[in-house]
Amino acid sequence: MERLLVNLSSYLLLLCLISGGGMVVRSQSEKTWCVAKPSTDEVALVDNISYACSIVDCTILQEGHSCFYPNNNISHASVAMNLYFQFHGRNYWNCDFKNSGLIVSTDPSFGGCIYQFGN
């Protein structure tokens, strides 16, 4: 049993090193959301909106709905990316978006725009 734990620990360390050390293991019960990194350029934000909204329903981003304002790409991308992230089970790889996504544990909801948590 001790040998198994040593092998498992070595495997996890190796996996973390291979992944660039950025892998964070989170409990599925921990509340997390996916938002766009503030440094993301406009083209990537628009691409993220298009991709996420081709998979999930982004009606809340349309004019007259709760997350239309602020009407800018970083806000809309964050909402769309989070919808996608929640829909796919909150796995860290579902918030990558070519390294433009950021997993947060503080609810990013604002005003009437409630960021979805869970499916």
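How far apart should the ends of helix α2 be at 1.5 Å a residue, and how far apart are its end C-alpha atoms? I started my notebook with that one.

**Ground rules.** I'm working on a predicted model, where local features need pLDDT of at least 70 and side-chain atom pairs count only at pLDDT 80 or more, while totals for chains, interfaces and linings use all residues. Residues are numbered from 1 along each chain as its sequence is written, and side-chain values use heavy atoms, with hydrogens and water left out.

**Entry 1: the span of α2.** Helix α2 has 14 residues, 42-55, so at 1.5 Å a residue it should span 20 Å. I looked up its end C-alpha atoms and found them 20 Å apart, which agrees. The expected span is 1.5 Å times one less than the number of residues. Helices here are DSSP runs of H or I with at least four residues, strands are runs of E with at least two, and both are numbered from the N terminus.

Entry 2: I listed its buried residues (under 20% relative accessible area, 1.4 Å probe, protein chains only) and got Leu45, Asn48, Ile49 and Ala52. Looking down the axis of α2, I saw that they fall within an arc of 100 degrees, so they line one face of the helix. That arc is taken from the directions from the helix axis to the C-beta atoms. The buried residues pack against β1 (33-36) and α3 (73-87), with contact meaning heavy atoms within 4.5 Å. On the face turned away from the buried side I found Val43 and Ser54, which are exposed (over 50%; partly exposed is in between).

**Entry 3: the cap.** Asp41 caps the N-terminal end of α2, with a side-chain oxygen 3.1 Å from the backbone nitrogen of Val43.

**Entry 4: Gln86.** Is Gln86 buried or exposed? It's buried, at 0% relative accessibility. Gln86 lies in α3, and its side chain reaches the backbone oxygen of Thr32 at 2.9 Å.

**Entry 5: Lys98.** I found Lys98 in the loop between α3 and β2 (101-104). Lys98 is exposed, with a relative accessible area of 82%.

**Entry 6: the whole protein.** I counted three helices and two strands, in the pattern α-β-α-α-β along the sequence. Of the 119 residues, 33% count as buried. Among contacts between residues at least 6 apart in sequence, 73% join residues at least 24 apart.

Note on methods
Polar contact = N/O pair within 3.5 Å; in protein donor to acceptor, adjacent residues only side chain to side chain.
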